[in-house]
Amino acid sequence: MTTTTTPGSRFAVARQVADAVLLEGYVLYPYRASAAKNRLRWQFGVLVPPAWGHAHEEHVLQQTEILMEPRGEATLALELRFLHAQRRTVQQAEGDGDFTDVPELHLTDRVLMPWDEGTEERVEVSVPVAELLGDEGVTFPFRRPARVDTEPVVDADGRTVGRLVRRTAEIEGRLRLRAVELPGAYRVFRLRAVVENTSPWTPPAGAGPLDREAALPHSLVAAHLLLGLDSGSFLSMTDPPEWARQAVAACENRHTWPVLAGEPGRADVVLSSPIILEDHPAIAPESAGAMYDATEIDEILALRTAALTEQEKREARGTDARAAAVIDLADSMPPEVLERLHGAVRALREVTGPEQPPLLTELPAEDVVFRPDTPWWDPARADTADPARDRIAIDGASVGPGSRVLLRPGLRRTDAQDLFLQGRTALVEAVLHDVDGGVHLAVTVEDDPGADIRREQGRFLYFQPDEVTPLEDA
């Protein structure tokens with residue numbers, strides 16, 4: 001029995017990451033239209049009309065080049081996805097049935113304000129690879145017409161108190177595809193896919209960079225591509241086979257970067273994204289939902305969002321349906337889900353190579369702390385503590401400022417960062433005593449380019465004497 005995979009199902013896994021790319025930075029914390037951060041939006045993958053792009057040095061097109069190995073009469077499926085900004089104005093109902101534009105409209109559960117919403121647009125193409133081999137390739141123009149939509153706004157009693165007016169501008173563009181077979185022992189093609197904004201819109205006379213808002217409704221926002229082969233595979237651009245490295249280096253990607261996507265272990269789907277990703281990117285399983293903000297991590301956003309005042313939440317809910325979903329998510333997130341956002345270790349890989357650090361063969365006791373016979377604060381001690389001069393005996397050797405040591409961090413009382421220093425050599429900068437009588441060594445790691453700055457600022461790494469092995473002094 002032969003089974004076929006439709007382009008939609010082939011892209012299903014990759015589309016989860018593509019959705020995150022599409023909406024990255026869509027609305028920023030605190031998720032209110034009045035927030036200064038949300039007055040300058042749409043930063044990723046924006047393709048502006050030519051008249052604006054040429055005048056203000058913004059991107060009009062993006063180009064993807066990647067190598068592929070199609071088999072037989074393979075067909076290329078392509079999906080261009082982008083946001084179309086639509087301008088939303090708020091109007092209040094008057095007694096005579098007319099409506100008047102207002103800066104905000106207060107309802108019981110939300111505050112409505114003017115805002116640019118983003119609607120998802122798709123351009124889907126399916127073409128045999130053989131048709132891409134001509135000198136000009138193939139071109140697919142597309143157009144989205146202008147339109148005006150209205151939505152009534154009713155209060156808690158069902159009375160019409162206003163309306164939302166959404167104006168969507170016309171967009172025109174084209175998608176150009178071409179494939180070239182490369183010389184060599186393998187049947188490899190270089191595929192070029194160009195997405196271009198061809199909208200004829202021109203800016204008003206005298207418009208400057210600060211008037212970018214006028215160009216956005218005519219722009220392709222967060223534009224990216226999903227590409228799939230029904231028979232064959234793509235080559236990784238970040239980790240290609242040795243025989244393909246030179247050909248991969250010759251590919252020219254402009255304002256976008258292609259990575260293998262889709263199901264792990266497969267290479268028949270590519271996501272070409274304006275945000276640099278690794279092969280087979282995936283949404284973290286700990287993520288409880290989209291947060292959209294491009295500057296923070298989910299845990300911080302959830303905590304800060306839950307701490308907003310009720311008035312701030314009302315405004316956020318009226319800003320955008322996606323912003324309202326973030327508010328509801330933060331308000332309803334159970335403690336166990338929030339705790340998962342704190343972080344996770346995905347995998348630990350074995351370190352290989354000729355210079356492996358020595359492995360720890362035993363775990364020190366939890367309460368092992370080096371303590372001298374007479375602590376620094378004891379009146380019986382002959383002298384006071386002096387970090388710049390003090391020395392201590394470790395394995396029969398005198399260790400102090402200027403001594404070289406081999407680092408052996410204790411597993412039970414260190415963190416993951418210290419474990420990366422296992423087997424590294426360091427220079428002792430000071431011997432420090434704490435109020436409990438414990439002794440600690442302040443060190444700088446040898447070959448650390450920032451060691452001089454650390455000394456000037458007094459910022460060192462700290463280890464206990466049983467976590468180091470003395471070496472011959474420098």
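Predicted model: local features only at pLDDT ≥ 70, side-chain atom pairs only at ≥ 80, totals over all residues.
The peptide bond leading from Tyr29 into Pro30 is cis, with omega near 10°. Trp42 has its place in the loop between α2 and α3 as well. Although Trp42 is not a glycine, its phi is positive, at about 60°, and the residue is buried, with a relative accessible area of 5%. A positive phi, of about 50°, is also found at His280, again not a glycine. His280 belongs to the loop between β15 (269-273) and α5 (298-306) and is partly exposed, its relative accessible area being 25%.

Turning to the aromatic side chains, a search of the whole structure gives four aromatic pairs. One of them joins Phe82 and Phe142 in a tilted arrangement, 6.1 Å centre to centre with 35° between the planes. This pair links distant parts of the chain, as Phe82 sits in strand β2 (residues 75-93) and Phe142 in strand β7 (residues 138-144), 60 residues apart. Phe82 is buried at 0% relative accessibility, and Phe142 is buried at 7%. The ring centres of Tyr186 and Trp243 are 4.2 Å apart and their planes meet at 20°, so this pair is stacked. Here Tyr186 comes from the loop between β10 (171-181) and β11 (189-197), and Trp243 from the loop between β13 (232-234) and α4 (245-249). Tyr186 is partly exposed at 45%, as is Trp243 at 37%.

The charged end of Arg41 sits over the Tyr26 ring, 5.0 Å from its centre, and Arg322 lies over the face of Tyr26 at 4.8 Å from the ring centre.

Conventions
Residues numbered from 1 in each chain as written. Heavy atoms only, no water. Helix = DSSP H or I, 4+ residues; strand = E, 2+ residues; numbered from the N terminus. Buried < 20%, exposed > 50% of the residue type's maximum accessible area, 1.4 Å probe, protein only. Phe/Tyr/Trp six-rings, centres within 6.5 Å; stacked < 30°, edge-to-face > 60°. Lys NZ or Arg CZ within 6 Å of the ring centre and 35° of its normal.
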